Amino acid sequence: MTAPVRGDAVVVPVSLGPRSYDIVIGRGVIATLGARIAELRPAAKAFIVSDKNVAAHAMAAARSALTRANVATSEMVVAPGESSKSYPVLQQLCEAILDAQIERGDLIVALGGGVIGDLAGFAAAVVRRGLDYVQVPTTLLAQVDSSVGGKTAIDSRHGKNLIGAFHQPILVVADTALLDTLPEREFRAGYAELVKYGLLGDARFFSWLEAHWRDIFGASSPHNSAREHAVAVACRAKAAIVGRDERETGERALLNLGHTFGHALEAAYGFSDRLLHGEAIAIGMVLAFEFSARRGLIAAAEAERVKRHFGEVGLPTSPSAIGGPLPGVERVMELIGQDKKVKRGMLTFILVRAIGSAVIETGVQEREVREFLNEKLARR
Ligand SMILES: NC(=O)c1ccc[n+]([C@@H]2O[C@H](COP(=O)([O-])OP(=O)(O)OC[C@H]3O[C@@H](n4cnc5c(N)ncnc54)[C@H](O)[C@@H]3O)[C@@H](O)[C@H]2O)c1
Ligand SMILES: [Zn+2]
């Protein structure tokens, strides 16, 4: 029998009955990947999916961790970027998995950011009607958000993430040292998702982030485990919500705080490098707070506090920070409408009653949103 794997790792359980799994967080934990997989699925082969950027930094470590535990590997490396969440790349990947003779009982390892997690997770959901998979998230966004919860998808010409499945991984191994090579702009964008957990449900965590964000951005060390702590808090929060509402019939929607405005802005800029997802939702969260203040749900000072923090970290806090011509209000309204179900002129938004207390509001009038955006998208 393989000895149980221990070490400095923090283990966060995701409780979903027979689909339960652990999230293992820590500096260097990728070295335990093979032993953990061998313990969960003795004699399984692993097919590693990664992108070119990630593979350059992390493929060797993943492969050697697996080989050391006698897990046979094969791999495919795709082009970096959202364009890999597509039918053609999915097709190549599924065929490559079959070429490698991956059977039921073997597994897929998604080594990368949210793009790889979504693509490889979806391939795992459909090849041979469902293979197990392991998430090895390599971006901050993926470690605190996309690798947990089992949403997998590729994009359609009708919109992002429209072709997908709920398919939970059997293990998540989040090695915080892998984030050392992440471009700073990507790290900062992922940080916005981290702040989201404080804003939607944990005021103390938000205060902690205000005090310690610099330690998270700095490389962790025996004297600085702020990054590991932050990833663990976020994963615990997401695990709790997903554990209660796996398929987003209710509470899981709170995780979309800032995403209605954010997605509309991202779409308005064509999901380009002009505005990364995390940057868009930083603006989106500020807008959600300002909109909540406008509706009298919270004091304007609370919205200011949120805006100040994102600003301090270097994230954009208003549409005018994006640069270049702003999208028109009608265009943004149209994009919000595509993203959301509009019922008799009413929209659903995630609003806030305080820092740390988000609510699902189903009765937001289109007219109110339009007036609000008229102010926010006005040229200065
Ligand atoms: N499934 C979910 O629940 C969920 C949640 C949020 C977002 N998403 C999806 O996640 C995607 C965005 O994920 P992302 O922000 O991680 O983007 P990404 O996967 O494109 O990674 C961002 C960039 O960083 C590079 N990179 C990744 N890890 C690196 C590392 N350790 N060192 C150096 N470079 C590295 C990548 O090659 C890429 O160029 C979107 O497609 C979004 O729809 C999914
Ligand atoms: Zn997001």
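**Figure 1. The shell around ligand 1, by residue type.** The residues of the shell around ligand 1 in this predicted model divide into 7 nonpolar, 9 polar and 9 charged. Here Ala, Val, Leu, Ile, Met, Phe, Trp, Tyr, Cys and Pro count as nonpolar, Asp, Glu, Lys and Arg as charged, and the others, Gly among them, as polar. In total, 25 residues surround the ligand, and the closest are D51, E82, T138, T139 and T181; a residue is near a molecule if one of its heavy atoms lies within 4 Å of it. At least two shell residues come from each of helix 2 (52-68), helix 4 (114-126), helix 5 (140-146) and strand 8 (159-166). Helices (H or I, at least four residues) and strands (E, at least two) are DSSP runs, numbered from the N terminus.

A note for all the views: residues are numbered from 1 along each chain as its sequence is written, while chains are lettered from A and ligands numbered from 1 in the order in which they are written. In this predicted model, local features need pLDDT of at least 70, side-chain atom pairs count only at pLDDT 80 or more, and totals for chains, interfaces and linings use all residues, while side-chain values use heavy atoms, leaving out hydrogens and water.

**Figure 2. Polar contacts to ligand 1.** How far is a polar side-chain atom of D51 from an oxygen atom of ligand 1? The distance is 2.7 Å. For T139, a side-chain N or O atom is 2.6 Å from an oxygen atom of ligand 1, and for N161 the corresponding distance is 3.4 Å. Taken alone, ligand 1 exposes 870 Å², and the protein buries 87% of that. A polar contact is a pair of N or O atoms within 3.5 Å, and accessible areas come from the Shrake-Rupley method with a 1.4 Å probe.

Figure 3. Helix 9 (residues 259-268) is mostly covered, with 7 of its 10 residues buried. Buried means under 20% relative accessible area, exposed over 50%, and partly exposed in between (1.4 Å probe, protein chains only). Those buried residues are H259, T260, F261, G262, A264, L265 and E266. They pack against strand 8, helix 6 (184-201), helix 10 (277-294), helix 12 (329-339), strand 10 (346-354) and helix 13 (366-376), where contact means heavy atoms within 4.5 Å.

**Figure 4. A303 in helix 11.** A303 sits in helix 11 (residues 300-313). Is A303 buried or exposed? With a relative accessibility of 5%, A303 counts as buried. Leaving aside residues up to four places away in sequence, A303 touches F289, E290 and I298. N53 is 250 residues from A303 in sequence, and their C-alpha atoms are 37 Å apart in space.

**Figure 5. Two loop residues with positive phi.** Most residues other than glycine have a negative phi. A43 is not a glycine, yet its phi is positive, about 70°. A43 lies in the loop between helix 1 (33-40) and strand 3 (46-51) and is exposed, with a relative accessible area of 82%. R128 has a positive phi too, near 50°. R128 belongs to the loop between helix 4 and strand 6 (132-137) and is partly exposed, at 33% relative accessible area.

Definitions and conventions. Polar contact = N/O pair within 3.5 Å; in protein donor to acceptor, adjacent residues only side chain to side chain.
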